[in-house]
Amino acid sequence: MTDVAIEGSSGRRTRRSSSLRDADVGRARLPPRELLGVALQGLRTRKLRAALSALGIAIGIGAMVAVVGVSSSAQANLIAEIDALGTNLLTVSPGTDFLGNSAVLAPSSVPMIAHMLNVKSDAPIYQLTNANVYRTPFVPAEQTGGIGVDAASENLPKVLGAGLSSGHFLSAVGQRYPEVVLGSQAAATLQINQVGGHVLVYIGNRYFNVIGILKPVKLDSSLDSVVFISLPVAERLFQQLPEPSEIYVRSGQNNVTSVANLLPATANPQDPSGVSVNRPSDVLEARAAAKGQFTTLLLGLGAVALLVGAIGIANIMVISVLERRGEIGLRRALGATRGHISLQFLAESALLAAIGGVFGLLIGAGATEVYAATRHEPFVVPTYALIAAPCAGFLIGALAGLYPAAKAARLSPTEALRA
Amino acid sequence: MSVELTDVVKEYPGGVTALRDVSVDIPAGGQVAVVGPSGSGKTTMLTILGTLERPTSGDVRVAGHDTTTASDGELAGLRAHQIGFVFQAFHLQESMSAVDNVATGMLYTGAPLGRRRALAREALERVGLGHRLDFRPKQLSGGERQRVAIARAIAKRPAILLADEPTGNLDSKSGAGVLDVLHELGSDGATLVLITHDEHIAGGFPRRLHMRDGEIVEDERA
């Protein structure tokens with residue numbers, strides 16, 4: 001290590017030594033593994049404080065995971081229910097024809113559809129436009145209760161996957177008699193909750209015997225506020241034309257799309273555009289998906305808890321920097337750069353919050369499990385939450401640690417050592 | 001390594017001048033005691049010698065190399081590898097054993113933990129604490145703690161050893177033991193600068209700098 005003599009032009013310095021940069025004194029280094037060790041050491045020495053400040057993050061992340069988990073579980077439950085009902089149900093109904101007038105389905109459409117390949121079963125209903133249901137003839141005519149009257153074939157519950165809460169559905173045996181089956185909502189409106197013992201309702205100008213009450217029809221809830229009579233009775237008593245208002249079709253499970261595509265032309269070969277085909281399970285699935293969207297308000301609450309947790313961590317780290325001035329000064333004396341010091345505090349803060357994130361994930365998953373178990377729903381926590389929770393913690397911790405870390409790095413080592 | 005200060009001035013915010021035009025040349029292997037009353041600028045000079053702080057003006061050369069233009073990282077590298085500090089307040093970490101405290105002294109050299117621990121054990125043996133390796137600072141006496149701090153400073157075999165009142169918190173017997181260790185290390189060729197206000201301790205050094213009000217008032221050589 002020799003001094004380099006240079007003729008100074010400034011005059012003040014006649015001898016200038018070589019810069020430290022040229023000297024082989026060795027570099028200050030802190031490999032990532034050592035950094036992690038230092039950060040862990042920092043947390044280990046203040047366990048209670050670390051645990052309490054990680055708790056803030058854990059609660060915030062736990063709340064958010066629980067919101068996501070609970071709504072995902074509810075959604076999974078709905079989708080499972082829909083799958084149990086079958087996604088192969090299609091409805092055929094009259095749309096509007098070429099000129100914009102309401103179209104009509106021809107009576108022949110029912111046997112045509114029944115003969116289609118890959119159609120497993122079908123059930124038409126016929127909406128009666130000139131009939132209302134009353135509990136007795138003394139009810140004023142305008143108090144219809146919004147209940148419609150449909151004529152239906154006896155296999156309707158089977159095609160819809162609907163059950164009866166009481167009695168039985170229309171049957172071929174009784175289809176000549178004035179018998180009626182109530183939709184669940186219609187039954188509630190009429191204040192009838194079970195059949196038996198001559199329960200009667202008044203339709204048109206005669207009494208009908210109530211022989212059954214349907215459970216809510218999940219695939220088409222519009223049928224809940226309807227009562228059903230047989231088609232022969234409807235034709236005889238109400239001069240009902242045998243033009244179906246809706247045909248329910250069960251296709252083969254793997255042929256839903258092809259059947260749906262063929263249905264309009266089969267139902268009305270002259271004007272397929274006047275036929276509307278729907279898949280009720282699609283609507284339900286869309287609704288399930290919408291229901292699965294976590295409530296923004298709850299997520300917001302989780303975010304607030306997280307923010308409070310982050311401020312808690314920042315607060316603790318600032319205090320920590322003040323308390324640990326001696327350690328900071330010592331580390332600087334031992335060869336830590338300002339960068340090493342700020343990295344240390346940043347790593348501590350990020351690690352703390354990441355641990356909080358992991359515990360938050362456990363808390364949230366636990367809450368979801370309890371909720372799902374009590375409601376007999378499947379337990380679902382989205383996979384992204386498994387990764388997002390610790391990562392979010394890490395990021396929040398790093399952000400919260402920025403200011404304390406900068407403060408630690410700015411500390412004068414001499415002052416720190418005097419403290 | 002030699003250390004050389006030229007016209008060094010150090011002012012702190014608020015108009016406090018800790019050092020006024022201090023120039024001193026400490027050759028490699030030199031042993032120097034710095035004596036003076038409180039507030040005379042001894043500690044400030046030591047931190048500037050150790051590149052922990054930069055002077056307000058003036059030059060600091062270490063082994064002939066100018067440190068004024070050096071970056072924070074370069075100075076940190078110099079401290080990590082070449083400079084050992086011993087403080088009056090020990091600054092040991094309570095949560096770590098003696099070995100780990102000493103091993104942490106080499107953390108920023110980038111040496112792996114196994115090697116650091118091996119050097120730490122060796123250094124603790126040298127200061128006579130081979131039987132206290134796994135003791136926590138709390139379990140050690142004051143003299144032993146300061147010897148752990150010295151082991152931390154010397155484990156990496158620094159070229160410069162800077163000690164700020166290393167015996168200030170110790171009784172005279174432990175203090176004498178600590179001084180013996182420091183002198184022994186000094187004889188290995190390291191440059192040793194020791195601050196003390198104890199004239200008796202200073203008397204054991206071949207060169208004594210007397211400071212007052214931020215200036216060197218006497219450069220006394222035996």
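Residues are numbered from 1 along each chain as its sequence is written, and chains are lettered from A and ligands numbered from 1 in the order in which they are written. Since the model is predicted, local features need a pLDDT of at least 70 and side-chain atom pairs count only at pLDDT 80 or more, whereas totals for chains, interfaces and linings use all residues.

The predictor assigns the complex an ipTM of 0.92 and a pTM of 0.73. The mean pLDDT (the predictor's confidence in each residue, from 0 to 100) of chain B is 89, and 100% of its residues score at least 70. Among the elements of chain B, the highest mean pLDDT, 94, belongs to helix H3 (residues 98-104), and the lowest, 79, to helix H6 (residues 172-186). Helices (H or I, at least four residues) and strands (E, at least two) are DSSP runs, numbered from the N terminus.

In chain A, the domain assignment (bounds from an automatic or database assignment) gives domain 1 (32-80 + 292-418) and domain 2 (88-278). The C-alpha centres of domain 1 and domain 2 of chain A are 58 Å apart. Strand E1 (residues 89-94) of chain A pairs with strand E10 (residues 246-251) of chain A in the antiparallel sense over four bridges; two strands pair if DSSP finds at least two bridges between them. Leu90(A) has Val249(A) as its bridge partner in E10(A). E1(A) is also joined by four bridges to strand E11 (residues 275-278) of chain A, again antiparallel, and there Thr91(A) is partnered by Asn278(A).

Helix H12 (residues 383-410) of chain A comprises 28 residues and spans 41 Å from its first C-alpha to its last, close to the expected 40 Å (1.5 Å times one less than the number of residues). H12(A) bends by about 40 degrees at Leu402(A), with Pro404(A) following within four residues. The bend at a residue is the angle between axes fitted to the seven residues ending there and the seven starting there.

Chain B contains an open sheet of four strands in the order E2-E1-E4-E5, with antiparallel pairing. Strands E2 (16-26) and E5 (65-66) of chain B are at the edges with a single partner strand each, so one side of each has no neighbour in the sheet. Five bridges link strand E1 (residues 3-12) of chain B to strand E4 (residues 57-62) of chain B in the antiparallel sense, and Glu4(B) stands opposite Arg61(B) in E4(B).

A further open sheet of chain B has six strands in the order E6-E7-E8-E3-E9-E10 and mixed pairing. Its edges are strand E6 (83-86) and strand E10 (215-221) of chain B; each has a single partner strand, so one side of each is left without a neighbour in the sheet. Strand E7 (residues 160-164) and strand E8 (residues 191-196) of chain B run parallel over five bridges, with Asp164(B) opposite Ile195(B) in E8(B).
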